[in-house]
Amino acid sequence: MDERQLRILRELGELGSVTAVAEALLVTPSAISQQLRLLQRAMPVPLTERQGRRLVLTDAGQALADAAIEVETALARARHTVAEFVDRPDGEVSVAAFHSAGSAFFPLLLRGLAASGGPRPAFADEDVPQADFPPLTRQYDLVLAHRLEHAPPWPRTVTATTLLREPLDVAMPADHPLAVKRRLVPRDVADQPWITVHDGFPLMATIEAIATAAGRRLHLAHRINEFAVVAEAVAAGGGLALMPRWTTRPHPALVLKPLTGVRARRHIDTLYRPERTARKAVRTVLAELHRAADAIRRQDR
């Protein structure tokens, strides 16, 4: 039994013939008859009977048709409730981000969405390998994820919009011998100890590209994912590191130098399931994320 079958039964009781019901619902009489047969199979007693050439409701059929009115009323009320939910400008919107993106975007979102009556963001930090970002869209409305520029695209199960295409620079102490160079190439940095992320995280592919371009393996002295900790380790002389140009806080003891000869750039993307953006509140937060990205780029200029 489904809503369509109940509506057909109700219309049959009011209009008095299969042909009239078919004309009212803009379908063929055979389609109406088929749905009535399917409905009858689910019932222990007859719902219709023949009176001459007409098909009319039995007492049981009339009782079910009366109940169908209540069902349609309840469904209409449910649809209205959903429509109100979808169109509400407020409501909670969950946003997950890896650490450096959260540090850069969360404060801007809080300020941008501070007006009353708007969405209420609920933030979470999720620093995971690249392949684990798409599954997070089951838990969160919006997921800020990172991937390298030449990496495979995100799976088609999620929608992705790019917020930033962020350069990755080489971080070093301000008094490091390489700090006098305007730009670096892989050979400049191949003999240095490195502080880098754990395997499975996007920056490792760039580290491997540096090694390939320089023709030698790099010495990976430390494995640290959190850039704030990386910055302190670099400042203390622990090695060089790749660091995002825009989304990490400047450190007074460090300088960042552009790297040429390899593709050192990452995408910061927003991942979400398409149905999430049916909500006005989610669309508002997504638009605010793009405004925040523009502000981050302007800070660099």
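## Cavities

A cavity here is a set of grid points where a 1.4 Å probe fits but cannot get out. A volume is the space filled by probe spheres set on the points. The second largest cavity holds about 40 Å³ of space. The model is predicted. Its count of cavities of 30 Å³ or more comes to two.

The lining of the second largest cavity consists of Ile195, Thr196, Val197, Leu203, Ile224, Phe227, Val230 and Leu242. Two elements give two or more residues to this lining: strand 7 (193-196) and helix 8 (227-235). Seven of the lining residues are nonpolar and one is polar. None is charged.

## The largest cavity

The largest cavity has a volume of about 120 Å³. Its lining has 13 residues. Nearest the centre lie Asp127, His146, Val197, Asn225 and Phe227.

What classes make up this lining? Six residues are nonpolar, four are polar and three are charged.

## The largest pocket

The largest pocket has a volume of about 230 Å³. It is lined by 13 residues. Ala104, Trp246, Thr247, Ile296 and Gln299 lie nearest its centre. Helix 5 (99-112) and helix 9 (280-300) are the elements that give two or more residues to the lining.

Which element supplies the largest share of the lining of the largest pocket? Helix 5 does, with five residues. By class, the lining has five nonpolar, four polar and four charged residues.

## The second largest pocket

The second largest pocket has a volume of about 190 Å³. Of its 14 lining residues, Glu226, Phe227, Ala228, Thr248 and Arg249 are the closest to its centre. Helix 5 and helix 8 each supply at least two residues of the lining. Helix 8 gives the most, with four residues.

The lining divides into five nonpolar, six polar and three charged residues.

In the second largest pocket, Phe227 is one of the residues closest to the centre.

Helix 5 gives five residues to the lining of the largest pocket and at least two to that of the second largest pocket. Helix 8 gives two or more residues to the lining of the second largest cavity and four to that of the second largest pocket.

Note on methods
Residues numbered from 1 in each chain as written. Predicted model: local features only at pLDDT ≥ 70, side-chain atom pairs only at ≥ 80, totals over all residues. Heavy atoms only, no water. 1 Å grid on protein atoms, 1.4 Å probe; cavity = no way out; pocket = protein on both sides within 12 Å on 5 of 7 lines; lining within 4 Å. Nonpolar A, V, L, I, M, F, W, Y, C, P; charged D, E, K, R; others polar.
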